[in-house]
Amino acid sequence: MQIWVDADACPAVIKEILYRVADRVQMPVTLVANQLLRVPPSRFIRALQVPAGADVADREIVRLLEPGDLVVTGDIPLAADVLKKGGHALNPRGEFYTNDNIAQMLTMRAFMDELRGSGVDTGGPAAFSQADRQHFANSLDRHLARRKQG
């Protein structure tokens, strides 16, 4: 198993957690982004730069991931593709996308896009908090512990 990170929009604090986990559990973590990323020196951490363009990083993650891999992303369509390929998807706030919730999330995303397209100000997501950071770390640790057991 390895961890893939949709890194263009991933909060820096989440990347820091992932860097520590990579070395602690000796698991490959690959950050995929349109921009050049600086990552700490580690044989378990690498950055992969892809050409600029809509969804280029997403397509590369889906192409490279193997069933059982974990993808960290806030991108719901990417999460849906990850699940279809047999991977696991976790958002930076610590919530797993599942086959049970992904259809509803895609529907809500389309509805919100429609509202924004008609000029309604839907606001943005809440500011990333310490509680979000902790929830992500706990969800990641539980996932890794389950994978190690089974």
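How many bridges join β1 to β2? Four of them do, and the two strands run parallel. Strands here are DSSP runs of E with at least two residues, helices are runs of H or I with at least four, and both are numbered from the N terminus. Two strands count as paired if DSSP finds at least two bridges between them.

Before going on, a word on what you're looking at. This is a predicted model, where local features need pLDDT of at least 70 and side-chain atom pairs count only at pLDDT 80 or more, while totals for chains, interfaces and linings use all residues. Residues are numbered from 1 along each chain as its sequence is written, and side-chain values use heavy atoms, leaving out hydrogens and water.

Now step back to the whole protein. You'll find five helices and six strands, and reading along the sequence gives the pattern β-α-β-β-α-β-α-β-β-α-α. The radius of gyration is 15 Å, close to the 15 Å from the globule rule for 150 residues, so the protein is as compact as a globular protein of that length. (That radius is taken over C-alpha atoms, and the rule is 2.2 Å times the number of residues to the power 0.38.) Of the 150 residues, 41% are buried, meaning under 20% relative accessible area with a 1.4 Å probe, counting protein chains only.

Let's go back to β2. How much of β2 is buried? Five of its five residues are. Val29, Leu31 and Ala33 point one way, Thr30 and Val32 the other.

How does the chain get from β1 to β2?

Finally, look at helix α2, residues 56-64. Its buried residues are Val56, Ala57, Asp58, Glu60, Ile61 and Val62. Their cover includes β1 (3-6), β2 (29-33), β3 (45-49), β4 (70-72) and α3 (76-84). Contact here means heavy atoms within 4.5 Å.

Technical notes
Buried < 20%, exposed > 50% of the residue type's maximum accessible area, 1.4 Å probe, protein only.
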